[in-house]
Amino acid sequence: MACGGGNMALDIFLFFIFYNFVFQKQILQLGFFAFQPHTAAFLTAFCITFPIGFLLSKYIVWTNSIVKSHVQLFRYFVIVMVNLLFNVLFIKLLVEYFHFYPTVAKIITTAISVLFSYLSSKHFTFKVKNDPSSSR
């Protein structure tokens with residue numbers, strides 16, 4: 001919980017910094033693409049916290065996993081992509097339609113996605129061989 005919580009706190013902190021100070025609450029224009037500042041902040045923070053989250057999960061949390069490293073990375077990526085889509089949609093919904101402050105929307109969305117992430121990591125990405133003595 002400490003690793004996931006720490007990475008989640010880092011993600012929220014980075015989101016806040018990017019939204020308020022890097023993108024300064026302004027639309028990010030990239031040629032033919034324009035990103036709302038909350039979307040740009042989310043994606044930028046994600047690029048930093050994705051590798052950190054995988055490494056923490058692999059080497060600290062799920063050290064007894066029976067799944068090969070490259071499979072873990074692929075599965076972790078798939079789960080994170082589902083969460084990424086979930087986060088973008090819910091942040092957009094909360095900010096643009098329900099007029100939540102972007103950082104509050106990020107916190108709410110993150111809290112909801114934590115359960116999904118934990119369960120999918122435990123039962124899919126970093127599966128651990130069942131210990132017969134623990135089934136009593």
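Guide: The expected span of a helix is 1.5 Å times one less than its number of residues. This is a predicted model, so local features need pLDDT of at least 70 and side-chain atom pairs count only at pLDDT 80 or more, while totals for chains, interfaces and linings use all residues. Residues are numbered from 1 along each chain as its sequence is written, and side-chain values use heavy atoms, leaving out hydrogens and water.

Visitor: How far apart are the end C-alpha atoms of helix H3 (residues 69-97)?

Guide: Helices are DSSP runs (H or I, at least four residues), numbered from the N terminus. At 1.5 Å a residue, the 29 residues of H3 should span 42 Å. In agreement with this, the distance between its end C-alpha atoms is 41 Å.

Visitor: What do the buried residues of H3 pack against?

Guide: Buried means under 20% relative accessible area (1.4 Å probe, protein chains only). The buried residues in H3 include Tyr 76, Ile 79, Ile 91 and Val 95. Contact means heavy atoms within 4.5 Å. The buried residues of H3 pack against helix H4 (102-125) and H2.

Visitor: What is the relative accessible area of His 38?

Guide: His 38 lies in helix H2 (residues 37-61). Beyond its neighbours within four places in sequence, its contacts include Phe 15, Tyr 19, Ile 91 and Pro 102. His 38 is buried, because its relative accessible area is 4%.

Technical notes:
Helix = DSSP H or I, 4+ residues; strand = E, 2+ residues; numbered from the N terminus. Buried < 20%, exposed > 50% of the residue type's maximum accessible area, 1.4 Å probe, protein only.
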